[in-house]
Amino acid sequence: MLTCPLQAQKGIINKGSLIVVSGNAVISAQGSGASYINQSAGAVSGRLSLDGKIYLQGDWLNNADGGTVLLNPSNDGEVIFQGNSAQTIGGNLPTGFGKISVNNSQGIFLSNHISVAGDLVLGTGSIYLSDYHLTLGPMSVVAGGPSEMAMVITDGAGELRKKFDAPAGF
């Protein structure tokens, strides 16, 4: 396993490059300012090929001019939100994730729509939707220990949505 700890005030700023995190590779962005910010450089938006894990203590912001951040999101690529202060998932454009884990007792707050192709793992902390939608893919399950301290909270016009390939229960 390759571990690459990043300790910086600004976190990770992807300005038009392709970052590849393969197999068992891990990126850990630690500290309250350790965010992942996706941007564009000219006509090229930042991209992330994620088959490993990203541990993030800051915010996730997709501020690119177009396109998607994660290439081929699946359950193999996981973004783990952790920390001791509230985190935001947002930016100018929605983000489609593979797998998300919530390990932040202060919560995750949406400021744009997100989708999850793989699993949503509720460890500690809740996801607050506000006016934005959280859409789970056909293969998605909600895992972990949903409880009073770990849930999806619809505190505005936002909705928790689930896609299906065929009629099924959820």
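**Entry 1: asparagine 104**

I started with a side chain: that of asparagine 104 reaches the backbone nitrogen of glutamine 106 at 2.8 Å, a polar contact (N or O atoms within 3.5 Å, one able to donate a hydrogen and the other to accept it; residues adjacent in sequence count only if both atoms are side-chain atoms). A note on the source: this is a predicted model, where local features need pLDDT of at least 70 and side-chain atom pairs pLDDT 80 or more, while totals for chains, interfaces and linings use all residues. Residues are numbered from 1 along each chain as its sequence is written, and side-chain values use heavy atoms, without hydrogens and water.

I found asparagine 104 in the loop between strand 13 (99-103) and strand 14 (108-110); strands are DSSP runs of E, at least two residues, numbered from the N terminus. Is asparagine 104 buried or exposed? It is buried, with a relative accessible area of 0%. (Buried is under 20%, exposed over 50%, partly exposed in between, with a 1.4 Å probe and protein chains only.) Beyond four places in sequence, its contacts (heavy atoms within 4.5 Å) include Phe81, Asn84 and Thr124.

**Entry 2: asparagine 14**

Next I looked up asparagine 14, which lies in strand 2 (residues 12-15) and is buried at 1% relative accessibility. Its side chain makes a polar contact with the side chain of tyrosine 36 at 3.1 Å. Glutamine 39 is 25 residues away from asparagine 14 in sequence, yet their C-alpha atoms are 5.9 Å apart.

**Entry 3: aromatic rings**

I then turned to the rings and noted 4 aromatic pairs. Rings of Phe, Tyr and Trp (its six-membered ring) pair if their centres lie within 6.5 Å; planes under 30 degrees apart are stacked, over 60 edge-to-face, the rest tilted. Tryptophan 60 and phenylalanine 97 have ring centres 5.0 Å apart and planes at 55°, so I logged this pair as tilted. Tryptophan 60 is in strand 9 and phenylalanine 97 in strand 12 (residues 95-97), so the pair ties together parts 37 residues apart in sequence. Both residues are buried.

For phenylalanine 109 and tyrosine 128, the centres are 4.5 Å apart and the planes at 5°, so that pair is stacked. Phenylalanine 109 sits in strand 14 and tyrosine 128 in strand 17 (residues 127-128), 19 residues apart. Phenylalanine 109 is partly exposed at 33%, and tyrosine 128 is partly exposed at 24%.

Methods: Helices (H or I, at least four residues) and strands (E, at least two) are DSSP runs, numbered from the N terminus.
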